[in-house]
Amino acid sequence: MPIPQEAASEMAADPARCGAFKLSSFGQLVGPSRFSAGPLQEVMRQPGAHVLAQGVPPMASLPIVGVKITLADGTVIEIDKAESLTSQRYAPFGWSSLRSWLVEHVRQQHAPPAEDWDVGITSGSMYALDAVLRLLVDPGDAVLCEEYTFLATKDLLHCLRADIVPLAMDADGLLPSAIEAACEARIRAGRPPPKLLYTIPVGQNPTGSRLHPDRYAEIYALAQRFGFVILEDDAYACMQHRLMIADYEGVPP
Ligand SMILES: Cc1ncc(COP(=O)(O)O)c(C=O)c1O
C-alpha cells in the first residue's frame with residue numbers, strides 16, 4: 001500500500017527516518033582535496049627545472065612515443081606522439097584530453113540537469129564503485145540491489161558491513177514494487193529506509209536483463225519519496241548494447 005503523501009512529507013522532514021542523503025562517517029571525515037600545484041608551478045616554469053616532487057619527469061625520459069590499437073572489426077586507433085607523452089605526464093585528476101572527451105560524452109548522452117556535475121576517471125569501474133560506496137555507506141546502512149547482482153559489488157558491500165536488501169526482478173529487470181515494499185517494510189519496523197540503490201539497468205550482471213524504459217521514472221520517484229541515492233552501474237550500455245541517448249526516449253537522465 002502506498003505511503004500517504006502526509007507520511008511521506010513527515011519522513012522527508014526527519015532524516016533519521018527517511019534516509020535523506022548523508023555522507024558516510026568516512027565521507028564526512030575526508031572532505032574535498034586541498035591540492036594546489038601553484039607554488040611548484042613557479043619553480044617548474046624555470047628553464048631546465050625538473051620537479052620530481054610532483055611526479056613530473058622530463059618528457060625525454062618517457063618510454064611511450066605512440067600507441068596503436070586494432071579493434072576486432074579492423075578499426076585502428078592511433079595516439080600520436082604529443083598525446084602519448086601527455087598521457088604519461090598528465091596533471092592531477094586525469095589526462096585532460098580524456099577528461100574533456102568524457103565530459104562531452106556525458107553531456108551529450110545524459111544531459112545532466114544539475115549545474116555542478118563533473119567526471120572522475122578511475123582505474124576500472126570497480127574502483128569507482130569502491131570510492132562512491134565508501135563515501136556513502138556506513139556499517140548497518142541498508143543498500144538495495146537486484147536479487148542477482150555483480151558479485152564483486154556484493155563482496156564490497158559485505159566488506160563495508162552494509163545491510164544488503166535483495167529486490168525481486170522479472171524479464172524487464174528490477175521491479176519498482178519490490179523497492180517500495182522493501183522501503184515500507186523497513187519503515188514499518190521502525191528502521192531507517194535504505195540509504196542507496198545499487199542497480200545495473202542494462203546488460204544486468206548476471207541476468208542480462210534490460211530495465212523497462214517506464215521503470216526508470218518509477219524508480220526515480222521512489223528515490224525521491226524515500227530519500228535514497230541511486231548508484232547506476234552502466235558498464236555495458238554503450239559497449240555491448242550500443243545504446244545511445246536516442247534509445248532512451250522519454251527516460252529521465
Ligand atoms: C556490472 C559490472 N560492474 C563493474 C564491473 C567491474 O569492472 P572493472 O573490471 O572495470 O572494474 C563489472 C565487471 O565484470 C561488471 O560486470
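Where does A111 lie? A111 sits in the loop between α6 (96–110) and α7; helices here are DSSP runs of H or I with at least four residues, strands are E runs of at least two, and both are numbered from the N terminus.

Some notes on the model, point by point.

1. Ground rules. This is a predicted model, where local features need pLDDT of at least 70, side-chain atom pairs count only at pLDDT 80 or more, and totals for chains, interfaces and linings use all residues. Residue numbers start from 1 along each chain as its sequence is written.

2. A111 is not a glycine, yet its phi is positive, about 40 degrees. There is also a cis peptide bond between N205 and P206, with omega about 15 degrees. P206 belongs to the loop between β7 (196–199) and α10 (213–226).

3. Ligand. N205 turns up again around the ligand, along with G124, S125, M126, F150, I200, D233 and A235; a residue is near a molecule if its C-beta atom, placed from the backbone, lies within 6 Å of it. The shell splits into 4 nonpolar, 3 polar and 1 charged residues (Ala, Val, Leu, Ile, Met, Phe, Trp, Tyr, Cys and Pro count as nonpolar, Asp, Glu, Lys and Arg as charged, and the others, Gly among them, as polar).

4. Helix pair. α7 (residues 125–136) and α8 (residues 151–159) pack at about 30 degrees, with axes 11 Å apart; axes are lines fitted to C-alpha atoms, for helices over the stretch in contact, and angles run from 0 to 180 degrees between N-to-C directions. The two helices are therefore roughly parallel to each other (angles under 35 degrees count as such). On the α7 side the contact uses M126, L129, D130 and L133, and on the α8 side A152, T153, L156 and L157, where contact means C-beta atoms, placed from the backbone, within 7 Å. By class, these residues are 6 nonpolar, 1 polar and 1 charged.

5. Open sheet. Four strands run in the order β4-β3-β7-β8, with parallel pairing; two strands pair if DSSP finds at least two bridges between them. β4 (163–167) and β8 (229–232) are the edge strands, each with a single partner, so one side of each has no neighbour in the sheet. The twist averages 25 degrees from one strand to the next. β3 (residues 142–146) pairs with β4 over 5 bridges, and E146 has L167 as its bridge partner in β4.

6. Hairpin. β1 (residues 67–70) and β2 (residues 76–79) pair antiparallel over 4 bridges, with I69 bridged to I77. Between the strands are 5 residues, and G74 in this hairpin takes a positive phi near 95 degrees.

Definitions and conventions: Angles under 35 degrees count as roughly parallel, over 145 as roughly antiparallel, 65 to 115 as roughly perpendicular and the rest as oblique. Two residues are in contact if their C-beta atoms, placed from the backbone, lie within 7 Å.
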